[in-house]
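Hello,

Here is the structure I promised to pass on to you. Have a look at it first, and then read my notes below with it open beside you.

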Amino acid sequence: MDQLFSSLKNFIKPQSCITDNAIFRLHYKFSVCLLVAFSIMVTARQYFGDPIDCISRDDIPNNLLDTFCWIHTTFSIDEAWFKKVGSEIPYPGVDKTTEGKKRIYHAYYQWVCFVLFFQAIFFYVPRYVWKAAEGGRIKNLILGLNSPIISKKDKETSLELLTGYLRENVGKNNTQFFVFCFAELLNLLNVILQMYVMNRFLGGEFIKYGYNVIAFSEWDWSLRYDPMIKVFPRLTKCTFHRYGSSGDVQKHDAMCILPINIINEKIYIFLWFWFVFLFLATLGGLAYRACTIMMPRLRTKIIASRCRLAEEKVLNKVLEDAQVGDWFLLDLLAKNMDSINYKDLLWKLYKMKDGGKAADAI
């Protein structure tokens with residue numbers, strides 16, 4: 001198991017250059033790693049364990065019956081979910097197979113590992129869009145100023161270069177900012193779409209899955225059925241047809257145990273809570289983004305919180321005419337630069353706006 005997940009360690013290591021925010025990283029880092037890990041877990045259990053065991057009193061070989069029922073799917077009897085276990089039926093969803101009874105077929109467990117993997121890919125798409133637009137710009141602009149230990153000459157040279165770049169590109173940074181906003185919106189749309197797709201994938205059960213599990217959090221055999229075993233049944237039925245010795249078609253009923261669903265049910269109950277949290281967090285992040293667009297005063301406070309060494313008059317002067325894209329670039333630089341170096345950068349920008357009349361900070 002350690003070998004299976006070792007490939008994910010490098011993916012979640014801290015970034016040397018931050019170009020986004022914590023909520024964004026929940027999507028392309030934590031969610032992607034989570035989904036890939038679940039996909040690996042299900043795949044390992046499915047192909048190296050024993051995902052299905054079917055039992056029949058007939059002379060059909062067990063291996064043959066297991067393979068047939070895994071490939072051709074198993075089913076439950078719909079009305080058997082509402083019968084009493086132990087007297088009317090042996091297990092929730094399992095009953096005599098007769099004509100007219102509605103069957104619920106279970107084929108999704110063959111596709112869980114693939115669906116989880118493709119979900120992980122879609123979680124990375126907004127990150128790819130933003131990374132392509134950003135193009136390593138912040139990493140190139142840092143110029144070694146992320147380190148607190150830098151020679152005075154190199155520091156002055158880097159600050160002059162960075163100040164000159166910011167001065168020449170005033171008002172030209174809005175495009176990248178709105179691309180980032182678009183990527184954040186894509187994160188929200190992706191969560192909503194994936195919840196819808198999972199709901200369709202699980203036969204309309206995913207949306208209410210978490211609510212039902214909370215209501216039936218403690219297993220009680222007096223209940224008609226537990227919501228987790230209805231979505232991911234552990235015992236199902238399978239029908240096998242073959243020719244008999246006289247040439248007539250014979251029907252063989254089998255009951256199949258699905259150990260793989262023990263893992264699937266835990267995965268999807270975790271994903272339900274995770275997707276709800278991610279939806280709310282992303283929605284809150286978009287509300288925060290809207291506030292930064294509409295409230296210039298808030299932008300000043302955000303920069304002040306990132307660089308507490310900077311004076312208020314310096315921040316107010318630097319950001320008084322700055323467009324939202326210019327502020328966004330300064331905010332990303334604040335996330336990556338050493339606080340003292342960033343304070344000196346703001347002071348140089350302040351002196352530039354003040355016509356060089358401000359006294360030296362040091």
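Predicted model: local features only at pLDDT ≥ 70, side-chain atom pairs only at ≥ 80, totals over all residues.

Before we start, one term: two residues are in contact, or touch, when they have heavy atoms within 4.5 Å. Residues are numbered from 1 along each chain as its sequence is written, and side-chain values use heavy atoms, with hydrogens and water left out.

**The whole chain**

The protein chain has 14 helices and five strands. Helices (H or I, at least four residues) and strands (E, at least two) are DSSP runs, numbered from the N terminus. Of the 362 residues in the protein chain, 47% are buried. Here buried means under 20% relative accessible area, exposed means over 50%, and partly exposed is in between (1.4 Å probe, protein chains only). Among the contacts with a separation of 6 or more, 73% are between residues 24 or more positions apart.

Start with Asp66, which sits in helix α3 (residues 62–72). Is Asp66 buried or exposed? Its relative accessible area is 11%, so Asp66 is buried. Not counting residues up to four places away in sequence, Asp66 touches Ile52, Asp53 and Cys54.

Now move to Thr73, in the loop between α3 and β2 (74–77). Thr73 is not a glycine, yet it has a positive phi of about 70 degrees. With 17% relative accessibility, Thr73 counts as buried.

Thr73 also turns up among the neighbours of Tyr105: leaving out residues up to four places away in sequence, Tyr105 touches Thr73, Thr74 and Phe75. Tyr105 belongs to strand β3 (residues 103–106) and counts as partly exposed, at 48% relative accessibility. The side chains of Tyr105 and Arg103 are joined by a polar contact of 3.3 Å. A polar contact is a pair of N or O atoms within 3.5 Å; within protein, one must be able to donate a hydrogen and the other to accept it, and residues adjacent in sequence count only if both atoms are side-chain atoms.

Leu143 lies in the loop between α5 (137–142) and α6 (152–168). Its phi is near 55 degrees, a positive value in a residue other than glycine. At a relative accessible area of 34%, Leu143 is partly exposed.

**Helix α7 and its crossing with α13**

Helix α7 (residues 174–201) and helix α13 (residues 324–336) have axes that come within 7 Å and cross at roughly 75 degrees. That makes α7 roughly perpendicular to α13. The axes are lines fitted to C-alpha atoms, for helices over the stretch in contact, with angles from 0 to 180 degrees between N-to-C directions. Angles under 35 degrees count as roughly parallel, over 145 as roughly antiparallel, 65 to 115 as roughly perpendicular and the rest as oblique.

Which residues meet there? From α7 come Asn174, Phe177, Phe178 and Phe180, and from α13 come Val324, Gly325, Asp326, Trp327 and Phe328. Just after α7, Gly203 takes a positive phi of about 70 degrees.

**Helix α14 and Lys348**

At the start of α14, a side-chain oxygen of Asp338 reaches to within 3.2 Å of the backbone nitrogen of Ile340. The buried residues of α14 include Tyr342, Leu345, Trp347 and Lys348. Among the elements that cover the buried residues of α14 are α6, α11 (296–306), α12 (312–319) and α13.

Leaving aside neighbours within four places in sequence, Lys348 is in contact with Glu156, Leu159, Glu160 and Thr163. The side chain of Lys348 makes a polar contact of 3.4 Å with that of Glu156 and another of 3.0 Å with that of Glu160. Lys348 and Glu160 are 188 residues apart in sequence, but 8.3 Å apart in space, C-alpha to C-alpha.

Enjoy exploring, and write back with any questions!

Best wishes
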